[in-house]
Amino acid sequence: MTIRHHLSDNLLMAYAAGTLPEAFDLVVATHVSLCDECRARLGALEAVGGAVLEEGPRCAVADDSLAATLQRARSRGKEPIPAPVPRVGGFPEPLRGYVGGDVAGVRWRAIGGGVRQTILPTARGASARLLHIPAGARLPDHGHRGLELTQVLRGAFRDEDDRFGPGDIEIASEDTQHTPVAEPGEDCVCLIATDAPLRFTTMLPRIAQPFFRI
Ligand code: ZN
Ligand code: ZN
């Protein structure tokens, strides 16, 4: 798997510090479990955190919030994310506790246009869902009122920004407006977390969105 779209340092730092809502935490953990590069960057950030703390008051850290963040990173006590184990077809480890082992075991709900979703049980503040988009199908054009992380698990989609294949993550925010379209040939399965309702440009999705909690 060649991953071209990665997590930002800000997200990795917030993850390390344990300050992300559960839904974003899950997406970051899933990406890190698939991506050697981000796993290495996460390890480096945590190592920097440890070094800063050991230096204590002698260390000229201008930004107190960074030190506080790293303090939390050090004390969060999470298990390190293991390197990925090659597996055929199954979900990455962090997801398995939420939806079971594979796409076949998911309780999907149709949301129109052939697209199916299942909402994952995460704490309030942000929501996480799996989306199953048939090959060639498109999602409604939309903007964002907050942060949206889209982790591709299988298949691929394109939008106005780029192409996102297996393992890639798209980070969309208030200034992103896009129409994701699954590539032909293979259905696309994504893990998506959002912390605010999407901004749809057409009427039908707008009417439906409270029902589907999008
Ligand atoms: Zn990565
Ligand atoms: Zn979006």
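Predicted model: local features only at pLDDT ≥ 70, side-chain atom pairs only at ≥ 80, totals over all residues.
Two strands count as paired here if DSSP finds at least two bridges between them.

Entry 1: I began with strand β6, residues 157–158, which is joined to β9 by two bridges, with the strands running antiparallel. Looking across from F157, I found A182 of β9 opposite. I then asked in what order the three strands of this open sheet lie. The order is β7-β6-β9, and the pairing is antiparallel. The edge strands are β7 (163–164) and β9 (181–182), each pairing on one side only.

**Entry 2: the rings.** The ring centres of F157 and F164 are 5.1 Å apart and their planes are at 20 degrees, so I noted the pair as stacked. The cut-off I needed was that planes under 30 degrees apart count as stacked. Are these two residues, F157 and F164, buried or exposed? I found both F157 and F164 buried.

**Entry 3: strand β5.** Next I turned to β5, residues 148–154. Six of its seven residues are buried, so the strand is largely enclosed by the rest of the structure. I looked up its partners. With strand β8 (residues 169–172), β5 pairs in the antiparallel sense over four bridges, and T150 stands opposite E170 there. With strand β10 (residues 188–194), β5 is again antiparallel, over six bridges. From E148, I traced the bridge to T194 in β10.

**Entry 4: the zinc ion.** Which residues hold the zinc ion (ligand 1)? I listed H6 (ND1), H31 (NE2), C35 (SG) and C38 (SG), at 2.1 to 2.3 Å. The angles among the four donor atoms are 95 to 127 degrees, and the site is tetrahedral. Along the chain, I read the donor spacing as H-x24-H-x3-C-x2-C. I checked the two cysteines as well: C35 and C38 are both buried.

**Entry 5: helix α2.** One of the zinc donors, H31, is also among the buried residues of α2, so I looked at this helix last. At 1.5 Å a residue, its 13 residues (22–34) should span 18 Å; the end C-alpha atoms are 19 Å apart, which agrees. How many of the 13 residues of α2 are buried? I noted 11, so the helix is mostly covered. Among them are A23, F24, L26 and V32, along with D25 and T30.

Methods. Residues numbered from 1 in each chain as written. Chains lettered and ligands numbered in written order. Heavy atoms only, no water. Expected span 1.5 Å × (residues − 1). Buried < 20%, exposed > 50% of the residue type's maximum accessible area, 1.4 Å probe, protein only. Donors = N, O, S within 2.8 Å, 3.2 Å for Na, K, Ca; no water. Tetrahedral: all angles 85-135°; square planar, octahedral: opposite > 155°, others 65-115°. Phe/Tyr/Trp six-rings, centres within 6.5 Å; stacked < 30°, edge-to-face > 60°.
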